[in-house]
Amino acid sequence: MKPGRRALLAAVMALLAAGAQAQEWDWRLPSHVPAPRVPADNPMSAAKVELGRRLFYDPRLSGNGTLACAGCHDQARAFSDGTPRSRGSTGAATHRNAPGLTNVAWNATYNWANPAVVSLERQMEGPLFGDDPVEMGVNDANRPRILQRLRDEPLYPALFARAFPDDPEPIRMASVIRAIAAFERSLVSADSRYDRFLQGRLQLTAAEQRGMNLFFGERAECHHCHGSFNFNDQVVHARTREVETPFHNTGLYDLDGQGAYPFPNRGVFELTAQAQDMGAFRAPSLRNVALTAPYFHDGSAATLREVLRIYSAGGRAITDGPLKGDGRLNRHKSGLIARIELSEAELGDLEAFLGSLTDLSLPNDPRHANPWPAGTEFLPTHTQEVAQPQKTNRFTTDP
């Protein structure tokens, strides 16, 4: 073992021996942010979050050992990736833009347009096991080999045992999923300029204040889809009794004059085949939105100003090319999306307010950063395999 790896192993073992990883989880939330709802079968613990962080940054979890979860979720970009569509472990492009992971603990559903995916644990089955396209490339054929890679890492046996003390064989795919989900729930953003304003700790600038008034007022009406403490409209927390999961067509496309969106990004329609669900997508949280460009489900808007102009116009008109059509006239467009014709000054004020939602502690917090030493070689080059799509996936989380 290299000296750097020995030192890392010694440091982690010292923490474990001291019991630092077994402490009860402290959310450290301001009064205006309620505690999230956590699954009863996956309670939070510092040990589980630390294990999840290591797995999140470990490319050995992918079929060919080349891609970590962090490959599509960069801390500096609020855990988005800065591209319209990400690339999976085999180089195939994903269908949709990688969403940021800010405050995902409070999401009522996950993915862009799937009402059935209501937990982070369930959501992770898609990128791990999916084959259209391949992302992480885990399948029935390579799963035992991936788990063996984890068993061969000197740090993992003790970390898994501490995170899952009641499991006689903790290094298994179900535990991997639970640990990464716990880490993702720990990615809390609640210390932006706006949060400090709510706490009376600072004053917003004049532009931010004007933008806030527009955002929550009846002229811009942004608050109808982004009015919660998490700035989205699908929110669940520990005290939630009724969970609402609306999806919205925002008038981005109309390919045929009948409301069509481009395949395979047709929103909830892909699951229901109901016309009213064409182009219906989840409204994402706007926390740290200034860090997560490009925007929309397909990454088709490069800047926040472009997004705001589209909403100001009541949708998007594309005048040429294969996506030609006037989304402003889409018959399935939400009634909340109407032409409001904001001035450039008003657009600037709204952009300033959205900037006040940036919490710089999230992209800079060492607790969320890559824990592996720079230059760590996870797999020898000759052992890396090219993962191929497998149709034998059973979407199970057992070994």
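Predicted model: local features only at pLDDT ≥ 70, side-chain atom pairs only at ≥ 80, totals over all residues.

Visitor: What does the secondary structure come to?

Guide: The chain has 14 helices and two strands.

Visitor: And how much of the chain counts as buried?

Guide: Of its 399 residues, 54% are buried. The chain exposes about 17800 Å², and carbon and sulfur atoms supply 52% of that area.

Visitor: Let's do helix packing. At what angle do H2 and H7 pack?

Guide: About 100°, with the axes 7 Å apart. H2 covers residues 46-56 and H7 covers residues 173-185. With angles of 65 to 115 degrees counted as roughly perpendicular, H2 and H7 are therefore roughly perpendicular to each other.

Visitor: Which residues meet there?

Guide: From H2, Lys48, Val49, Leu51, Gly52, Arg53, Leu55 and Phe56. They meet Val176, Arg178, Ala179, Ile180, Ala182, Phe183 and Glu184 in H7. By class, the contact of H2 with H7 has nine nonpolar, one polar and four charged residues.

Visitor: How many residues of H2 are buried?

Guide: Eleven of the eleven, so H2 is largely enclosed by the rest of the structure.

Visitor: Now H12 and H13. How do their axes cross?

Guide: At roughly 125°, and the axes come within 10 Å. H12 is residues 304-312 and H13 is residues 344-355.

Visitor: Left-handed or right-handed?

Guide: H12 passes H13 in a right-handed crossing.

Visitor: Which residues of H12 and H13 meet?

Guide: On the H12 side, Leu304, Arg305, Leu308, Arg309 and Ser312. On the H13 side, Glu344, Leu347, Gly348, Leu350, Glu351 and Leu354. The residues of this contact divide into five nonpolar, two polar and four charged.

Visitor: Where is Glu341, and is it buried or exposed?

Guide: Glu341 is in the loop between E2 and H13. Its relative accessibility is 55%, so Glu341 counts as exposed. Not counting residues up to four places away in sequence, Glu341 touches Arg219 and Ser312. The C-alpha atoms of Glu341 and Arg309 are separated by 8.3 Å, and the two residues are 32 residues apart along the chain.

Visitor: What about Arg331? Which residues is it in contact with?

Guide: Gly257, Gln258 and Gly259, leaving aside neighbours within four places in sequence. Arg331 lies in the loop between strand E2 (325-326) and H13. At 54% relative accessibility, Arg331 counts as exposed. Arg331 and Met278 are 53 residues apart in sequence and 9.6 Å apart in space, C-alpha to C-alpha.

Visitor: Switching topic to backbone geometry. Which residues does a cis peptide bond join?

Guide: One joins Asp132 and Pro133, with omega about 0°. Pro133 is in the loop between helix H4 (125-129) and helix H5 (143-152). A cis peptide bond also joins Phe263 and Pro264, again with omega about 0°. Pro264 lies in the loop between helix H10 (223-226) and helix H11 (269-272).

Visitor: Why bring those up?

Guide: Most peptide bonds are trans, and most residues other than glycine have a negative phi.

Visitor: On phi, then, what is the value for Ala78?

Guide: Near 55°, a positive value in a residue other than glycine. Ala78 lies in the loop between H2 and H3. At 0% relative accessibility, Ala78 counts as buried.

Visitor: And phi of Asn111?

Guide: Near 65°, also positive. Asn111 is in the loop between H2 and H3, and with a relative accessible area of 30% Asn111 is partly exposed.

Visitor: Last one: Ser89. Buried or exposed?

Guide: Buried, at 10% relative accessibility. Ser89 sits in the loop between H2 and helix H3 (120-123). Leaving aside neighbours within four places in sequence, Ser89 is in contact with Ser62, Asn64, Thr66, Leu67, Val134, Glu135, Met136 and Gly137.

Notes: Residues numbered from 1 in each chain as written. Heavy atoms only, no water. Axes fitted to C-alpha atoms, helices over the stretch in contact; angles between N-to-C directions. Helix = DSSP H or I, 4+ residues; strand = E, 2+ residues; numbered from the N terminus. Left-handed = near helix turned anticlockwise from the far one by under 90°. Contact = heavy atoms within 4.5 Å. Nonpolar A, V, L, I, M, F, W, Y, C, P; charged D, E, K, R; others polar. Buried < 20%, exposed > 50% of the residue type's maximum accessible area, 1.4 Å probe, protein only. Areas by Shrake-Rupley, 256 points an atom, 1.4 Å probe, with all protein chains shown as cover. Parallel < 35°, antiparallel > 145°, perpendicular 65-115°, else oblique.
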